Amino acid sequence: MDPAINNYQIHQRLQRLEFLHGLYQQIDHIHHITDEEVRLLQELRHDRDLNEERQAMIDRIFYHLRRKQRHERNRQRQCVA
């Protein structure tokens with residue numbers, strides 16, 4: 001671990017990882033996430049210290065959200081037609 005990292009940075013990183021794990025645990029119940037949550041996920045996605053498993057979690061969350069949005073758009077089109 002980089003000795004230049006202070007307690008605040010460690011705490012912030014832990015909060016982000018807890019957020020990621022919490023979101024991933026609820027993946028089947030997620031219908032929408034806020035812009036702030038998207039920003040946090042994108043920051044985590046670009047974190048070079050994140051291991052492959054966590055990168056895969058982030059990718060799965062985004063995939064799940066895109067799939068739900070696509071499903072919702074298709075459902076709305078069918079209701080209109």
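Arg60, Arg66, Arg67, Arg70, Arg73 and Arg77 together form a positive surface patch. For such a patch, residues must have over 30% relative accessible area and no salt bridge, and like charges are joined within 9 Å, whereas nonpolar side chains (Val, Leu, Ile, Met, Phe, Trp, Tyr) are joined within 5 Å. Lys and Arg count as positive, Asp and Glu as negative, while His and the chain ends are not counted. Each charge is placed at NZ of Lys, CZ of Arg, CG of Asp or CD of Glu. Accessible areas come from the Shrake-Rupley method with a 1.4 Å probe, and for residues only the protein chains shown count as cover.

The model is predicted: local features need pLDDT of at least 70 and side-chain atom pairs count only at pLDDT 80 or more, while totals for chains, interfaces and linings use all residues. Residues are numbered from 1 along each chain as its sequence is written, and side-chain values use heavy atoms, with hydrogens and water left out.

**Fold and dimensions**

The protein chain has three helices and zero strands, where helices (H or I, at least four residues) and strands (E, at least two) are DSSP runs numbered from the N terminus. The order of elements from the N terminus is α-α-α. Its radius of gyration is 16 Å, well over the 12 Å that the globule rule gives for 81 residues, so the protein chain is more spread out than a compact globule. This radius is taken over C-alpha atoms, and the globule rule is 2.2 Å times the number of residues to the power 0.38. The C-alpha trace spans about 60 × 20 × 20 Å along its principal axes. Of the 81 residues, 23% count as buried; buried means under 20% relative accessible area, exposed over 50%, and partly exposed in between (1.4 Å probe, protein chains only).

Arg67, a member of the positive patch, belongs to helix 3 (residues 52–80) and is partly exposed at 37% relative accessibility. Ala56 also lies in helix 3 and is partly exposed, with a relative accessible area of 43%. The C-alpha atom of Ala56 is 9.2 Å from that of Arg45, eleven residues apart along the chain. In helix 1 (residues 7–25) lies Arg16, partly exposed at 22% relative accessibility. The C-alpha atoms of Arg16 and Glu43 are separated by 9.4 Å, although these residues are 27 apart along the chain.

**Salt bridges**

The structure holds six salt bridges, each a side-chain nitrogen of Lys or Arg within 4 Å of a carboxyl oxygen of Asp or Glu. Three of them are listed below.

| Pair | N to O distance |
|---|---|
| Arg39 and Glu36 | 2.4 Å |
| Glu43 and Arg39 | 2.1 Å |
| Glu72 and Arg75 | 2.7 Å |

Arg39 and Glu36 both lie in helix 2 (residues 35–45), three residues apart, about one turn of the helix. Glu43 and Arg39 are four residues apart in helix 2 and therefore separated by about one helical turn. Arg39 is partly exposed at 35% relative accessibility, as is Glu36 at 41%, and Glu43 is partly exposed with a relative accessible area of 29%. A network of salt bridges links Arg16, Glu36, Arg39 and Glu43.

In helix 3, Glu72 and Arg75 are three residues apart and thus separated by about one helical turn. Glu72 is partly exposed at 30% relative accessible area, and Arg75 is partly exposed at 41%.
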